[in-house]
Amino acid sequence: MKLESIIEKYSEYLLKELKYSDKTVLSYKRDLNSYNDYLKKYNINYLNINKLQIVDYLKYLDTLKYSNKTISRHLSTLRSFYNYLVEIKLIDNNIYKRIRNPKVEKKLPNYLNIVEIENIMDTIDENTKEEVRDKCIFELLYSTGIRVSEASNLKLQDIDRNKLTIRIFGKGSKERIVYYGEVFAKTLDKYLKVRDKFLVNGDIEYLFINKYGRKLSRESIEQKIDRIVTKSAINHKISPHVLRHTFATHLLDNGADLKSVQELLGHENLNTTEIYTHVSNERLREAYLKYHPNKNRQ
């Protein structure tokens, strides 16, 4: 079977079976099409590729000036793709499991301090139903640490207002429970009182609705968060994902254990969560150097 056909089948599998987002599937498909172009150029059979040929492919990616992070992403795509080939019995073993990712320097995530969060909250007006909704979105992302795509797909039935919990379906439809406090509870109550004003042709199951009575897309949520932050005059670039970083950093700063933060964020690997400990440790170091009287003792 031609690789092009398998890539299409795999894309459908990611979308329909694993419930990956369109954006994620597009990224996988782009990497695999690039891989296919390379294999065709050098007449390599994707079902019989060997380790030396894979090393040559990685060298080729390096000549394109790809960063180690981008090359690692390509490898992760191929590792997942070849797992699929094993699953559908086109091959017996996944050779990409024996290929190590290049070392990637961890970049500390950007985050907001509590004063910046409060300043942003204070700039959000609540004079219109749109402003009430947008404040609810902002507080949800900060209060729970969920992804923007998860906020877009959040349904009314997933929220337990008595227990102050939300059921989230993350990457690969993995389910987890996140929690929220009284601050977001009040904001949510206020939004739910005006939510009906967004409805056009009957109610829909999603929490956040646009002016046409349809689910707010991930892109729309990102644009709304960007407008809120721009209005607050924060001096550095803030993406919606920074609220997720801020959520994790603030939890660790206030004594939460790493495993709990991992569960709340929906990280499959604890190593992904560990980067936030570097953020907290760096803040401790800065506090020590700034305030301890013996910091410069000779």
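A: D158 is buried, with a relative accessible area of 7%; here buried means under 20% relative accessible area, exposed over 50%, and partly exposed in between, for a 1.4 Å probe and protein chains only. Its salt-bridge partner is R167, with the closest N and O atoms 3.2 Å apart. A salt bridge is a side-chain nitrogen of Lys or Arg within 4 Å of a carboxyl oxygen of Asp or Glu. R167 counts as partly exposed, at 27% relative accessibility.

The model is predicted: local features need pLDDT of at least 70, side-chain atom pairs count only at pLDDT 80 or more, and totals for chains, interfaces and linings use all residues. Residues are numbered from 1 along each chain as its sequence is written, and side-chain values use heavy atoms, with hydrogens and water left out.

Across the whole structure, a search finds 18 salt bridges. One of them joins E126 and K190, whose closest N and O atoms are 3.5 Å apart. E126 lies in the loop between α5 (114-123) and α6 (129-144), and K190 in helix α8 (residues 182-194), so this pair ties together parts that are 64 residues apart in sequence. Helices are DSSP runs of H or I of at least four residues and strands are runs of E of at least two, numbered from the N terminus. E126 is partly exposed, with a relative accessible area of 27%, and K190 is partly exposed at 38%. K135 joins E126 and K190 in a network of salt bridges. In another pair, the side chains of D134 and R133 meet at 3.0 Å, N to O; both residues are buried.

At 5% relative accessibility, E150 counts as buried. Beyond its neighbours within four places in sequence, E150 is in contact (heavy atoms within 4.5 Å) with I168, F169, G170, K171 and R176.

Rings of Phe, Tyr and Trp (its six-membered ring) pair if their centres lie within 6.5 Å; planes under 30 degrees apart count as stacked, over 60 as edge-to-face and the rest as tilted. The count comes to 18 aromatic pairs. Among them is the tilted pair of Y10 and Y28, 6.3 Å centre to centre with 50° between the planes. This pair links distant parts of the chain, with Y10 in helix α1 and Y28 in helix α2, 18 residues apart. Y35 and Y96 form an edge-to-face pair, 6.2 Å centre to centre with 75° between the planes. Y35 is in helix α2 and Y96 in the loop between α4 and α5, 61 residues apart. Both Y35 and Y96 are buried.

K129 lies over the face of F198, at 5.3 Å from the ring centre, and K215 over that of Y206, at 4.9 Å.

As for the fold, the protein chain has 12 helices and 3 strands. Buried residues make up 41% of its 298 residues. Of the contacts between residues at least 6 apart in sequence, 57% join residues at least 24 apart.

Note on methods. Lys NZ or Arg CZ within 6 Å of the ring centre and 35° of its normal.
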